[in-house]
Amino acid sequence: SILTHDHYQGGRHVFPMELAPLQKTFRFTGFEQVKAGIVKWPMSVLRLTSDSKEDLINLGDKLLQKWRQYSDPAVQILAETDGTPHHTITPIARKRDGQFELDLVLRDNQTSAENHDGIYHPPKDVQHIKKENIGLIEVMGLAVLPSRLKEELEILAGYLVEGKDIRSNEKIEKHAEWVERFLPDYDRITGENVMDILKKEVGNTFVHVLEDAGVYKCTPQGRED
């Protein structure tokens, strides 16, 4: 796994998503027997819990249909543009303590002039780590990273320990700005700690990827929206 408790300290988030707490609970009219809440997670997640599997399916389907039609132009959330639909949901189902639980992750595939890959797609400043779409497994906190990264991090580790110029190697020069941002946080990088540091920083970057994929951000303003 790429995320640990250390990546979301300060009462923000925990790993994995199924262990993340609820920030707010409520009930939906007509489904009062279903406990509902907003999950404390980088992405926008509703959690439904009930003794009845059928109630969860029915309410989940109703929320999916509502989300497909929902727009809020004030925060750049549009159900469709020029006939192209943008909204869907990533569902995750489980059984916990004898009850059925359904997590519904709100997704939006809009693009813009500034974000050709997608408004809720990994932005350019993290694409040296991850530029592919965020799928079901990653939504739950497990990063599926490109295979190229294994070799790149091994090379990068050697350059960091030896104090060599990262920009001098075409395979890892893309990581230079990233390294310059986190390097001041560490007193000393050695052969013993370098890979642990890199793994932690890759995890931090993946957290940002998930945050950018969240339609409503896990912030006071985002939750108010």
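F26 is partly exposed, because its relative accessible area is 24%. Partly exposed means between the two cut-offs: buried is under 20% relative accessible area and exposed is over 50%, with a 1.4 Å probe and protein chains only. F28 is also partly exposed, at 22%.

The model is predicted: local features need pLDDT of at least 70, side-chain atom pairs count only at pLDDT 80 or more, and totals for chains, interfaces and linings use all residues. Residues are numbered from 1 along each chain as its sequence is written, and side-chain values use heavy atoms, with hydrogens and water left out.

**Aromatic rings**

A pair of aromatic rings is described by the distance of the centres and the angle of the planes. Rings of Phe, Tyr and Trp (its six-membered ring) pair if their centres lie within 6.5 Å; planes under 30 degrees apart are stacked, over 60 edge-to-face, and the rest tilted. The rule gives four aromatic pairs. The table shows two of them, including F26 with F28.

| Pair | Centre to centre | Angle between planes | Type |
|---|---|---|---|
| F26 and F28 | 5.4 Å | 85 degrees | edge-to-face |
| W178 and F182 | 5.1 Å | 75 degrees | edge-to-face |

Where do W178 and F182 lie? Both are in helix 4 (residues 176-182), four residues apart, about one turn of the helix. Helices are DSSP runs (H or I, at least four residues), numbered from the N terminus. W178 is buried, because its relative accessible area is 4%. F182 is buried too, at 3%. Together with Y186, W178 and F182 form one aromatic cluster.

Another ring meets a charge. K164 lies over the face of Y159, 4.3 Å from the ring centre. The rule here asks for NZ of Lys or CZ of Arg within 6 Å of the ring centre and within 35 degrees of the ring normal.

L136 is found in helix 2 (residues 136-139). At 41% relative accessibility, L136 is partly exposed. L136 also belongs to a nonpolar surface patch with I137, L142 and V144. Their accessible area together is about 320 Å². Patch residues have over 30% relative accessible area and no salt bridge; nonpolar side chains (Val, Leu, Ile, Met, Phe, Trp, Tyr) are joined within 5 Å, like charges within 9 Å. A salt bridge puts a side-chain nitrogen of Lys or Arg within 4 Å of a carboxyl oxygen of Asp or Glu. Areas come from the Shrake-Rupley method with a 1.4 Å probe.

E138 is in helix 2 as well. E138 counts as buried, because its relative accessibility is 4%. A polar atom of the E138 side chain lies 3.0 Å from the backbone nitrogen of G135.

Conventions
Helices (H or I, at least four residues) and strands (E, at least two) are DSSP runs, numbered from the N terminus. A polar contact is a pair of N or O atoms within 3.5 Å; within protein, one must be able to donate a hydrogen and the other to accept it, and residues adjacent in sequence count only if both atoms are side-chain atoms.
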